[in-house]
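Work through the exercises below with the coordinates open. Each task is followed by a stepwise solution.

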Amino acid sequence: MKTSSDVQVMSIESCAAKAVDAERVAAVCSRMPAEADLVDTADIFGLLADPGRLRLLLALLEGELCVCDLAVVSGLSESSTSHALRLLRAHRVVSVRRAGRMAYYRLDDAHVRMLLDLAVAHTEHTQAVHPERDLSGS
């Protein structure tokens, strides 16, 4: 006996064989970023998916902070904070300014600020449904 989920899987599989609106599909494909750009963008979202790194970035919305202060704000150890900041810096999400032995981090540019502002605004006005977090088994 087929369940509704079986029907959905069959429908999805049948869509892979043909395009319903070939003109629209061609237009979407022509605007799709290059594969390398897609991978880089997915990497950025992956970096933002970690709550500790996200806390660091949200702290930097207030302006430049040193590693020690970022560790306190984020609740991470200084070592974990430094590691997270190295990853974020490698992906041009944050930049650093050195003053003697101190390192001060800031958001790299306005695009990062906008991305964070939009993500926070989105979560503040919506209520997410997290079936993967529902551990009750229902």
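The model is predicted. The protein exposes about 10300 Å², and carbon and sulfur atoms supply 58% of that area.

**Exercise 1.** Describe the overall make-up of the protein, from its elements to its contacts.

Solution. Start with the elements: the protein has seven helices and three strands. Read from the N terminus, their order is α-α-α-α-β-α-α-β-β-α. Next take burial: of the 138 residues, 20% are buried. Last, consider contacts with a separation of 6 or more: residues 24 or more positions apart account for 46% of these.

**Exercise 2.** Determine how helix 5 and helix 6 are oriented to each other, and list the residues that meet.

Solution. Helix 5 spans residues 67-74 and helix 6 spans residues 78-90. Their axes come within 9 Å and cross at roughly 105 degrees. Angles of 65 to 115 degrees count as roughly perpendicular, so helix 5 is roughly perpendicular to helix 6. On the helix 5 side, the residues in contact are V67, C68, L70, A71 and S74; on the helix 6 side they are E78, T81, S82 and L85. Sorted by class, this contact has five nonpolar, three polar and one charged residues.

**Exercise 3.** Decide whether T81 is buried or exposed, and find which residues T81 touches.

Solution. T81 is found in helix 6. Its relative accessible area is 0%. The cut-off for buried is under 20%, so T81 is buried. Leaving out residues up to four places away in sequence, T81 touches L56, V67, L70, A71, S74 and L76. Among them, V67, L70, A71 and S74 belong to helix 5.

Methods: Residues are numbered from 1 along each chain as its sequence is written. This is a predicted model: local features need pLDDT of at least 70, side-chain atom pairs count only at pLDDT 80 or more; totals for chains, interfaces and linings use all residues. Side-chain values use heavy atoms; hydrogens and water are left out. Axes are lines fitted to C-alpha atoms, for helices over the stretch in contact, and angles run from 0 to 180 degrees between N-to-C directions. Helices (H or I, at least four residues) and strands (E, at least two) are DSSP runs, numbered from the N terminus. Angles under 35 degrees count as roughly parallel, over 145 as roughly antiparallel, 65 to 115 as roughly perpendicular and the rest as oblique. Contact means heavy atoms within 4.5 Å. Ala, Val, Leu, Ile, Met, Phe, Trp, Tyr, Cys and Pro count as nonpolar, Asp, Glu, Lys and Arg as charged, and the others, Gly among them, as polar. Buried means under 20% relative accessible area, exposed over 50%, partly exposed in between (1.4 Å probe, protein chains only). Accessible areas come from the Shrake-Rupley method with a 1.4 Å probe; for residues, only the protein chains shown count as cover.
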